[in-house]
Amino acid sequence: MSNSELATSYAALILADDDVEVTPDKLQTLIKAANIDDVESIWTTLFAKALEGKNVKDMLLNVGSGGGAAAAPTGGAGGATTETAPEEAKEEKKEEEKEESDEDMGFGLFD
């Protein structure tokens, strides 16, 4: 990580700790106050856009949680989920039959 990225990261953490919105101008102000002159404005803009609308404290607290799984699809109508379940089971059986047919022909992964 370059000094520019590191300085911008620390500035964003300082702003988040004080519950201040992360903007490019505020990041640049903090960086200049720390006497770091070699930070290009692109870094502050990138960090501000990446953190826009996000709670940085929550992101830090949930670092090891894995990010969460996607929600399971729920059918649009109440009866639609029961109708699609047998169809899905049939499709799975067909796929399994296809896999077995490869083995019957004598073709294997390590042959």
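Reader: Which residues of α1 meet which residues of α3?

Author: Ser 4, Glu 5, Thr 8, Ser 9 and Ala 12 of α1 meet Trp 43, Thr 44, Phe 47 and Leu 51 of α3. To meet, or to be in contact, is to have heavy atoms within 4.5 Å. The helices are DSSP runs (H or I, at least four residues) numbered from the N terminus. The model is predicted, so local features need pLDDT of at least 70 and side-chain atom pairs pLDDT 80 or more, whereas totals for chains, interfaces and linings use all residues. Residues are numbered from 1 along each chain as its sequence is written, and side-chain values use heavy atoms, with hydrogens and water left out.

Reader: Why are α1 and α3 called oblique to each other?

Author: Their axes come within 10 Å and cross at roughly 45 degrees. An axis is a line fitted to C-alpha atoms, for helices over the stretch in contact, and angles run from 0 to 180 degrees between N-to-C directions. Angles under 35 degrees count as roughly parallel, over 145 as roughly antiparallel, 65 to 115 as roughly perpendicular, and the rest as oblique. α1 and α3 are therefore oblique.

Reader: What makes the crossing of α1 and α3 right-handed?

Author: A crossing is right-handed if the near helix is turned clockwise from the far one by less than a right angle, and left-handed if anticlockwise. The passage of α1 across α3 is of the right-handed kind.

Reader: How many residues of this contact are nonpolar, polar and charged?

Author: The contact of α1 with α3 divides into four nonpolar, four polar and one charged. Ala, Val, Leu, Ile, Met, Phe, Trp, Tyr, Cys and Pro count as nonpolar, Asp, Glu, Lys and Arg as charged, and the others, Gly among them, as polar.

Reader: Why are α1 and α2 described as roughly perpendicular?

Author: Helix α1 (residues 3-17) packs against helix α2 (residues 24-33) at an angle of about 110 degrees, their axes being 9 Å apart. That angle falls in the perpendicular range, and the pair is therefore roughly perpendicular. The crossing is right-handed. Ala 7, Thr 8, Ala 11, Ala 12, Ile 14 and Leu 15 of α1 touch Lys 26, Leu 27, Leu 30 and Ile 31 of α2. Eight of these residues are nonpolar, one is polar and one is charged.

Key
Helices (H or I, at least four residues) and strands (E, at least two) are DSSP runs, numbered from the N terminus.
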